Amino acid sequence: MRKIQISQLTVGMMKNIPLAQLLALSFTLAAPVSAADQDLHSKEYLVKADSYIKDHRLIEAVNTLSEATRPGASPHPQPAILMRLATLYYDLGLIPDAIAEGERAVALEPAVKWHKYDLGKFYFVDKQYAKAENQLTNLLQLDPGFTQGYSLLAELYYRLNHNDMAWLSLQRAYLLGHQGKYLRERLAPHSSKPAEDFSKFSKK
């Protein structure tokens, strides 16, 4: 965590998932709110930061959330604040800071799916592909119906030239409603287009 001055700112910017489990879809993608995140003190920081964000005052929003994470500011670290801060850092192109705060959030709430997805995205952008893959596959073990997890995993495998794995991940994303075709067009000439048999699995 750190306090940002404007002068410092640099703006930049499937494996092991059974098919039967995949077809038991979970379409509720919103991250659950833990009891800890109901802490009133933390809510005040989030509301204040949100007001800055609406006014496009991102530096003030970052500094507000950073203040909330300092020792003594709250009875305990708040994963919702940590991940909100992480996504702000990501939007500002401060990827190492995004990763640091995202890791703290995931360590505190490892079962929150959106935390894992966002941290996997941060790793992916930072080209830490092994860590990104680990977050995404763990996410998909928690929720085999998390469509964005498959689409990002497909992009990751494509970057690594694991084209058949990318193809399979992309097909699972399509099964769950993914609409994008850009990756499919890039990937098709390089993959043998392996197929999985989904027909024998039916939703009950």
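Guide: A term to begin with is pLDDT, the predictor's confidence in each residue, from 0 to 100. The model is a predicted one, and the protein averages a pLDDT of 81, with 73% of the residues scoring at least 70.

Visitor: Over which residues does pLDDT stay under 50?

Guide: pLDDT stays under 50 over residues 5–15 and again over residues 19–38, for which the model has 44 contacts beyond four places in sequence. Where pLDDT is low, the predicted coordinates should not be read in detail.

Visitor: Why is the pair of tyrosine 90 and phenylalanine 122 called tilted?

Guide: Planes under 30 degrees apart would count as stacked and over 60 as edge-to-face; the planes of tyrosine 90 and phenylalanine 122 stand at 35°, with the ring centres 5.2 Å apart, so the pair is tilted. This pair links distant parts of the chain, since tyrosine 90 belongs to helix H4 and phenylalanine 122 to helix H6 (residues 113–125), 32 residues apart.

Visitor: What makes phenylalanine 124 and tyrosine 129 a tilted pair as well?

Guide: Their ring centres are 5.8 Å apart and their planes lie at 55°, so this pair, too, is tilted.

Visitor: How do you know whether phenylalanine 124 is buried or exposed?

Guide: Buried means under 20% relative accessible area, and phenylalanine 124, at 8%, therefore counts as buried; tyrosine 129, at 16%, counts as buried too.

Visitor: What makes lysine 121 a charge over the ring of tyrosine 90?

Guide: The distance limit is within 6 Å of the ring centre, and lysine 121 lies over the face of tyrosine 90 at 4.8 Å from that centre.

Terms used. Residues numbered from 1 in each chain as written. Predicted model: local features only at pLDDT ≥ 70, side-chain atom pairs only at ≥ 80, totals over all residues. Heavy atoms only, no water. Contact = heavy atoms within 4.5 Å. Phe/Tyr/Trp six-rings, centres within 6.5 Å; stacked < 30°, edge-to-face > 60°. Helix = DSSP H or I, 4+ residues; strand = E, 2+ residues; numbered from the N terminus. Buried < 20%, exposed > 50% of the residue type's maximum accessible area, 1.4 Å probe, protein only. Lys NZ or Arg CZ within 6 Å of the ring centre and 35° of its normal.
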